[in-house]
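User: Could you take a close look at the surroundings of the ligand for me? I'd enjoy one connected walk through that part.

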Amino acid sequence: MSHGEQRIFVELGSRRYPIAIGAKTLHQLGALLAETFANTNRRVFIISNPTVAQHYLATAQASIVAAGFNHQAADVALMDDGEQFKSLASFSAIVDHLTSQQVSRDCIIVALGGGVVGDLAGFVAATWQRGVPFVQVPTTLLAQVDSSVGGKTAINHPGGKNLVGAFHQPSAVLIDIATLATLPDREFLAGLAEVIKYGIMADGEFFDWLESNLDAILARDSAALIYAIRRSCEIKADVVAADETEQGVRALLNLGHTFGHAIESYTKYQSWLHGEAVAAGMLMASRLAAQTGHLAVTDCQRIEKLLQKSGLPLTPPASMTADDWIALMSRDKKVKAGKIRFILPTAIGAAVIVDDITQQQLVAIL
Ligand SMILES: NC(=O)c1ccc[n+]([C@@H]2O[C@H](COP(=O)([O-])OP(=O)(O)OC[C@H]3O[C@@H](n4cnc5c(N)ncnc54)[C@H](O)[C@@H]3O)[C@@H](O)[C@H]2O)c1
Ligand SMILES: [Zn+2]
């Protein structure tokens with residue numbers, strides 16, 4: 001398999017955009033911007049954090065300057081590293097920076113980092129001067145397969161995660177798998193949980209491929225990573241093109257998330273990474289599906305086996321009682337008309353939205 005750049009597209013009519021995937025593609029950021037924005041006189045402003053910037057900022061900047069864009073050292077804003085900094089305070093600090101640098105409406109914002117940087121930079125782009133274009137350069141596996149694609153942007157508020165946000169699609173996404181070389185193992189596995197999710201909810205062949213190629217992925221083999229990321233992005237791009245603002249099928253991407261959010265919330269977003277909670281949540285959703293006759297028991301076992309082999313944590317905190325679960329899941333923002341909605345797999349490669357699970361069925365698997 002070639003390690004050259006591969007492209008797929010998110011088909012959103014006039015807002016169609018490319019996802020460029022490859023190894024060492026960060027050098028081509030300037031060229032991608034030049035191709036996306038005909039006018040290279042524009043100012044390019046980068047948002048990142050110190051952890052990512054120390055490894056990748058210089059390459060990104062050199063490439064932008066080499067392509068002829070207007071970019072100075074001051075056209076960079078670094079937010080602090082961490083989910084707790086996806087905040088109104090960080091947003092405000094970046095807006096102060098844009099104001100003091102007199103960044104105008106025809107700027108281009110580049111988000112260089114994981115999902116935290118991407119969500120916040122995207123929200124800055126959605127709101128700065130009523131909206132400016134932005135490009136995602138995701139550097140975590142989770143951001144590469146999930147958060148950088150689809151245009152959901154947000155910041156947190158003390159009242160809840162992602163409470164303030166906007167739909168604002170990027171103009172392009174550049175994925176350089178070489179950036180994963182510095183990603184800690186735990187973060188890598190958390191991203192892998194979302195990759196496995198795509199196989200379960202949408203593509204049985206991809207799930208088969210994951211079963212056969214898990215070792216190569218865990219060894220971060222380039223060809224295997226490019227394929228896994230590409231297929232994940234294709235699935236997400238198709239779902240987003242079909243249902244950009246989550247009126248229907250886009251909700252299927254939340255497989256495992258109703259349970260997962262309950263774990264994250266119970267542990268106050270301190271001890272479980274999002275992808276880890278989703279992995280445990282997918283297993284619970286699969287068990288609920290098997291127990292209610294939506295999913296064959298053998299398929300549930302395959303899901304469990306793949307998750308287990310990947311090394312993801314699958315056992316929720318022992319102290320969580322059935323009452324805790326129900327209380328937390330009822331508060332999830334996906335609850336409609338007081339009913340907890342579950343995304344349940346119906347086969348390996350298919351899922352449905354179900355809202356008629358009884359309390360008894362639920363308690364049986366908790
Ligand atoms: N917008 C969406 O559709 C969407 C979807 C899923 C998740 N999210 C959001 O994404 C966020 C989580 O994103 P995440 O998992 O990428 O976490 P993250 O952005 O916090 O990144 C995880 C850690 O890895 C570091 N890091 C990033 N790239 C690195 C690299 N290449 N090498 C070394 N370290 C690196 C980061 O600095 C951070 O410490 C959450 O806020 C979540 O709400 C958004
Ligand atoms: Zn997720």
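Analyst: By class, the shell around ligand 1 has 5 nonpolar, 10 polar and 9 charged residues; here Ala, Val, Leu, Ile, Met, Phe, Trp, Tyr, Cys and Pro count as nonpolar, Asp, Glu, Lys and Arg as charged, and the others, Gly among them, as polar. This is a predicted model, in which local features need pLDDT of at least 70 and side-chain atom pairs pLDDT 80 or more, while totals for chains, interfaces and linings use all residues. Residues are numbered from 1 along each chain as its sequence is written, chains are lettered from A and ligands numbered from 1 in the order in which they are written, and side-chain values use heavy atoms, leaving out hydrogens and water.

In total, 24 residues surround ligand 1, the closest being Glu83, Gly115, Thr139, Thr140 and Thr182; a residue is near if one of its heavy atoms lies within 4 Å. Now to the polar contacts, meaning pairs of N or O atoms within 3.5 Å. A backbone N or O atom of Gly115 lies 2.8 Å from a ligand 1 oxygen, and a polar backbone atom of Val116 is 3.0 Å from an oxygen atom of ligand 1. Lys161 brings a polar side-chain atom to 2.8 Å from a ligand 1 oxygen. Of the 860 Å² of accessible area that ligand 1 has on its own, the protein covers 87% (Shrake-Rupley method, 1.4 Å probe). Two or more residues of the shell come from each of helix H2 (50-66), helix H4 (115-127), helix H5 (141-147) and strand E8 (160-167); these are DSSP runs, with helices (H or I) of at least four residues and strands (E) of at least two, numbered from the N terminus.

Conventions
A polar contact is a pair of N or O atoms within 3.5 Å; within protein, one must be able to donate a hydrogen and the other to accept it, and residues adjacent in sequence count only if both atoms are side-chain atoms.
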